[in-house]
Amino acid sequence: MRYLIANLKMNLISYEENISYLTTLLDVAKRNRRVGVKTSLVICPSFPFLSLFQKKLPKRLFLGAQDVAFSERGAYTGYVPARSLADNGASFVLIGHSESRRYGGDTNERISEKIRLSVRNGLRPVLCVGESAAERAAGQTALVIRRQISEALHDISSEEWTRGIIAYEPCWAIGTDHIPRSDDILEVSIAIRRTLVEILDRTLAQSVPILYGGSVNVERISEVCLAPGLSGVLVGRESLLPEELLAMVSALDA
Ligand code: PGA
C-alpha cells in the first residue's frame, strides 16, 4: 500500500474555506473513482474541522490530525488528546512535524509520549523526521535522523509501532521549492531502515512505510518516487489543490 498524506496546515481557517475545499475535493474524487486503489489518501485538516471532514469524506479517503497532546487528559490548556482525535474520525496523526518541533516545542521525549498515546487510542502515528539546512551542510543528516528516530521510539515496543509510518521531511525542503535529489532521499531512507532494524523486530522494521515530504507537487512526484523503497509522500501546499492531489494519487497508483 502507498500513502499520500495531505497536510492542510493552518491554511483553511474559516468554515466557508473548509466547506468549499471539501466540496471541490469530493467532486474531484467522484470524477476519479478508480484513482486510489493502491494508495491511501489521508487528509489532515485543522482540529476544529475534523468532524466536518469526518461527516463528508467518502469511506475510501482517510482522516488524519496534524498533531496530538502529549498527555492523556487533565490540566493542559489548549491541547487536543488522542482520544478526542479518534472520536472525531481521525485514523492517522502527524507527530513531530518540523513546525510542531519549532513552534510547539516538541522534543524527542515528548514525541515518544505522543506516539504511545496515539497508538493506545487506535491512531496510526506518522513520525516526521528531518535535518535542518545547517545540519545538512555539516554532513550530519544521517546522524540527526538516527537520533530523532531512536529517541522517539526509545520506549516504544514493536507491538506499539506495528502500524507506524516514518516521513522524511528535510526542514530546508518544506515550503521552499527545493527538493533533495532522489539519490539523497534513497540514502536517507536506507539510514532510516537501518535505524529501525536496530530498534524494532526485524520483520516489522523492514515493512515500516517510509514517505518523503517537502515541496512535493505533480511535476516533482515521479522524480521523488524514483527513490526505491519509498511508500508515498507527505504534501503541504499542493494538497490545497484537489485536482493536483488526485493527480498525485494517480501517479502513486501507477
Ligand atoms: P510543502 O510542506 O509540501 O508545502 O513543502 C510539506 C510539509 O510541511 O509537510
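1. Disulfides. A disulfide is defined here as a pair of cysteine sulfur atoms within 2.5 Å, and by this rule the count is zero. Cys 44 takes part in no disulfide, since the nearest cysteine sulfur, that of Cys 128, lies 9.2 Å away. From the side of Cys 128, the closest cysteine sulfur is that of Cys 44, and 9.2 Å is too far for a bond. Burial is judged by relative accessible area with a 1.4 Å probe and protein chains only: under 20% is buried, over 50% is exposed, and in between is partly exposed. Cys 44 counts as buried at 1% relative accessibility, and Cys 128 is buried with a relative accessible area of 1%.

2. Basis of the values. The model is predicted: local features need pLDDT of at least 70, side-chain atom pairs count only at pLDDT 80 or more, and totals for chains, interfaces and linings use all residues. Residues are numbered from 1 along each chain as its sequence is written, and side-chain values use heavy atoms, with hydrogens and water left out.

3. Salt bridges in total. A salt bridge is a side-chain nitrogen of Lys or Arg within 4 Å of a carboxyl oxygen of Asp or Glu. The count by this rule is 14. Asp 27, Arg 31 and Glu 243 are linked in a network of such bridges.

4. Arg 120 and Glu 72. These two residues form a salt bridge in which the closest N and O atoms are 3.3 Å apart. The pair links distant parts of the chain, 48 residues apart: Arg 120 is in helix H5, and Glu 72 is in the loop between strand E3 (61-65) and helix H3 (82-87). Helices (H or I, at least four residues) and strands (E, at least two) are DSSP runs numbered from the N terminus. Arg 120 is exposed, with a relative accessible area of 54%, whereas Glu 72 is partly exposed at 38%.

5. Glu 160 and Arg 116. Helix H5 also contains Arg 116, whose side chain meets that of Glu 160 in a salt bridge of 3.4 Å, N to O. Glu 160 belongs to helix H8 (residues 158-161), and the two partners are 44 residues apart. Arg 116 is buried, with a relative accessible area of 13%, while Glu 160 is partly exposed at 23%.

6. Arg 146 and Glu 198. The side chains of this pair meet in a salt bridge at 2.7 Å, N to O. Arg 146 lies in helix H7 (residues 141-153) and Glu 198 in helix H9, 52 residues apart, so that distant parts of the chain are linked. Arg 146 is partly exposed at 36%, and Glu 198 is exposed at 53%.

7. Helix H9. The expected span of a helix is 1.5 Å times one less than its number of residues. The 18 residues of H9 (residues 182-199) should therefore span 26 Å, and this agrees with the end C-alpha atoms, which are 26 Å apart. Among the buried residues of H9 are Ile 185, Val 188, Ser 189, Ile 192 and Leu 196. An α-helix has 3.6 residues a turn, so residues three or four places apart point the same way.

8. The largest pocket. On a 1 Å grid over the protein atoms alone, a cavity is a set of points where a 1.4 Å probe fits but cannot get out; a pocket is an open set with protein on both sides within 12 Å along at least five of seven lines, and lining residues have an atom within 4 Å of a point. Grid points are joined across faces, edges and corners, and a volume is the space filled by probe spheres set on the points. The largest pocket holds about 560 Å³ of space. Of its 21 lining residues, Phe 47, Gln 66, Asp 67, Glu 99 and Ser 100 lie nearest the centre. Helix H4 (98-104) and helix H5 (108-120) each supply at least two lining residues, and H4 gives the largest share, four residues.

9. Cavities. There are two cavities of 30 Å³ or more. The largest has about 50 Å³ of space, and its lining includes Cys 128, Ser 98 and Arg 101. H4 and strand E5 (124-129) are the elements that give two or more residues to this lining. The second largest cavity has about 40 Å³ of space; Glu 72 and Leu 117 are among the residues that line it.
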